[in-house]
Amino acid sequence: MRGASALALAVALATPAAAQVVPERTVSSAELIADVAILRRAYTEMHPGLLRYNTPEQVETAFKALELEFGRDRPLGEAYLALSLFLAKVRCGHTYANFYNQPKDV
């Protein structure tokens with residue numbers, strides 16, 4: 001029995017921290033809505049291809065849908081996914097939520 005306990009301890013100590021379950025960070029609705037406001041202003045004022053494949057009405061509808069999506073607190077991963085789906089509507093190869101510069105929990 002003692003050998004089994006030692007083995008269990010050895011396995012637990014050898015398990016990388018990344019493999020252990022870490023609760024996902026939740027982002028408040030207020031933070032998400034504030035981010036949408038910044039995104040809306042930046043994109044409508046500066047994105048050169050925003051209206052290439054979308055009408056102004058389609059863009060506005062997409063922003064409103066994103067705001068509705070962010071009407072409640074979200075786990076960070078869900079917020080990232082919702083933002084990614086929104087950005088795909090722009091249909092620009094330079095416009096996406098870059099997964100390379102995200103924290104590991106995303």
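A salt bridge is taken here as a side-chain nitrogen of Lys or Arg within 4 Å of a carboxyl oxygen of Asp or Glu. By that criterion, a search of the whole structure gives 6 salt bridges. The structure is a predicted model, in which local features need pLDDT of at least 70 and side-chain atom pairs count only at pLDDT 80 or more, while totals for chains, interfaces and linings use all residues. Residues are numbered from 1 along each chain as its sequence is written, and side-chain values use heavy atoms, with hydrogens and water left out.

The chain contains 4 helices and 2 strands, in the order α-β-α-α-β-α from the N terminus. Helices (H or I, at least four residues) and strands (E, at least two) are DSSP runs, numbered from the N terminus. Of the 106 residues, 25% are buried, where buried means under 20% relative accessible area, exposed over 50%, and partly exposed in between (1.4 Å probe, protein chains only). Among contacts (heavy atoms within 4.5 Å) between residues at least 6 apart in sequence, 65% join residues at least 24 apart.

Two salt bridges centre on R40. R40 pairs with E60, with the closest N and O atoms 2.6 Å apart; E60 belongs to helix α3 and R40 to helix α2, 20 residues apart. R40 also forms a salt bridge with E67, at 3.1 Å between the closest N and O atoms. Because R40 lies in helix α2 and E67 in helix α3, this pair ties together parts that are 27 residues apart in sequence. R40 has 19% relative accessibility and so counts as buried, whereas E60 at 31% is partly exposed and E67 at 26% is partly exposed.

E45 is exposed at 55% relative accessibility, and R41 is exposed at 56%.

Helix α4 covers residues 76–88. Its buried residues are L76, A79, Y80, A82, F86 and L87. These lie on the same side of α4, because they cover an arc of only 165 degrees around the axis, the arc being that of the directions from the helix axis to the C-beta atoms. They pack against β1 (26–27), α2 (29–46), α3 (56–69) and β2 (74–75). On the other side of α4, L81 and L85 are exposed.

Terms used. The expected span of a helix is 1.5 Å times one less than its number of residues.
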